[in-house]
Amino acid sequence: MNPDQRGQFSLKLIQKCPVCNHDYSGGRIEILTEADQGFLAYMSCGFCASSIIVRVLTLPHGLVGNAILTDLNNTEVLSYGSTIPVAGDQVLAFHEMINLEDSGMFMEKIRNN
């Protein structure tokens with residue numbers, strides 16, 4: 001990201017912890033990833049230690065941001081993004097295994113896969 005563009009992004013909208021309502025000024029804010037269109041940040045409250053993940057994107061009509069309360073640490077957030085996506089066929093196969101009449105058969109199939 002161009003240093004001149006960094007000023008257009010701001011975490012000022014998220015000023016208070018959603019759990020304890022304390023200011024984030026005493027907390028930790030970490031930018032995990034940056035791209036031309038936005039960034040992913042990890043914020044921890046200095047008072048209650050709760051954490052949120054914040055994604056901010058620049059779109060033609062303005063900034064769009066999402067925040068999620070999480071129990072993941074910053075390393076886990078980054079490793080989650082590098083996992084292999086689950087295919088639709090895998091979800092359907094798992095659903096079929098769950099719906100087997102004999103629950104013992106379900107556990108057997110899980111152990112074998």
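**A tour of salt bridges, cysteines and cores**

Begin by selecting Glu-30, which is partly exposed at 26% relative accessibility. Here, buried stands for under 20% relative accessible area, exposed for over 50%, and partly exposed for the range in between (1.4 Å probe, protein chains only). The structure on display is a predicted model, in which local features need pLDDT of at least 70 and side-chain atom pairs count only at pLDDT 80 or more, while totals for chains, interfaces and linings use all residues. Residues are numbered from 1 along each chain as its sequence is written, and side-chain values use heavy atoms, with hydrogens and water left out.

**First stop: the salt bridges**

The term requires a side-chain nitrogen of Lys or Arg within 4 Å of a carboxyl oxygen of Asp or Glu. Arg-28 is partly exposed, at 41% relative accessible area. Side chains of opposite charge can pair when their charged atoms come close.

How many salt bridges does a search of the whole structure find? The search finds 2. For the other pair, select Asp-23 and Lys-16, whose side chains meet with an N to O distance of 2.8 Å. Asp-23 is partly exposed, with a relative accessible area of 44%, and Lys-16 is also partly exposed, at 43%.

**Second stop: Cys-20 and Cys-45**

Next, select Cys-20 and Cys-45. A disulfide is a pair of cysteine sulfur atoms within 2.5 Å, and a search of the whole structure finds 0 of them. Cys-20 is in no disulfide; its nearest cysteine sulfur, in Cys-45, is 3.6 Å away. Cys-20 is partly exposed at 21% relative accessible area, whereas Cys-45 is buried at 5%.

**Third stop: the nonpolar cores**

A nonpolar core is a set of buried Ala, Val, Leu, Ile, Met, Phe, Trp, Tyr and Cys residues joined through side-chain atoms within 4.5 Å. Select the largest one, which has 9 residues, including Cys-45, Phe-39, Met-43 and Ile-52. Strand E2 (38-44) and strand E3 (51-59) each give two or more residues to this core; strands (E, at least two residues) are DSSP runs, numbered from the N terminus.

Cys-17 is another member of the core. Leaving aside residues up to four places away in sequence, Cys-17 touches His-22, Tyr-24, Cys-45, Cys-48 and Ser-50, a contact being heavy atoms within 4.5 Å.

Notes:
Helices (H or I, at least four residues) and strands (E, at least two) are DSSP runs, numbered from the N terminus.
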